[in-house]
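Open the model in a viewer and keep the selection panel at hand.

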Amino acid sequence: MAKATSSTDQLITNILKGIEDVKGQDIDILDLREIENTVCDYFIICNGTSNTQVNAIVNSVQKVVSKEGKDKPWHVEGTDNGEWVLIDYVNVVVHVFQKHIREYYDIEGLWGDAKVTSISTNY
């Protein structure tokens, strides 16, 4: 179990690095492990300012995770319009939104029982 936790922690670290490399904003980690019937252990949510930045964040996350951890996403969805892109790494699901789409769907509100960790950035 310690190895799974360690590899998940490393995956999250790599995802955060990928987001921060292209200045993704409002980064939150939702810990879903204490909630019954969830599809994964963590959601990582962030937003970009345009569809171009959203796709840049997605590309950066995939590049860093692939290079550092040799992990490939199980599924990627939403890259065509760049408003809400989901990257599924099985235990960790990354949601990259444009700000207005994030506010509309309010994923954090839907998963209100999750423990939320906000990541502060210096940009």
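This is a predicted model: local features need pLDDT of at least 70, side-chain atom pairs count only at pLDDT 80 or more; totals for chains, interfaces and linings use all residues.

D106 sits in the loop that runs between α3 (99-105) and α4 (107-110). Its phi is positive, about 45°, although D106 is not a glycine. For context, most residues other than glycine have a negative phi. Colour by accessibility and D106 comes out as partly exposed, with a relative accessible area of 38%.

Next, go to V90, in the loop between β4 (84-88) and β5 (92-98). The relative accessible area of V90 is 47%, so the residue counts as partly exposed.

Now turn to the cysteines. How many disulfides does the structure hold? The count is zero. Select C40 and show its sulfur. The closest cysteine sulfur belongs to C46 and lies 15 Å away, which is too far for a bond. The cut-off for a disulfide is a sulfur pair within 2.5 Å.

C46 takes part in no disulfide, and its nearest cysteine sulfur is that of C40, at 15 Å.

With both cysteines still displayed, switch to solvent accessibility. Are they buried or exposed? C40 has a relative accessible area of 3% and is therefore buried. C46 is at 0% relative accessibility, so C46 is buried as well. The threshold for buried is under 20% relative accessible area.

Definitions and conventions:
Residues are numbered from 1 along each chain as its sequence is written. Side-chain values use heavy atoms; hydrogens and water are left out. Buried means under 20% relative accessible area, exposed over 50%, partly exposed in between (1.4 Å probe, protein chains only). Helices (H or I, at least four residues) and strands (E, at least two) are DSSP runs, numbered from the N terminus.
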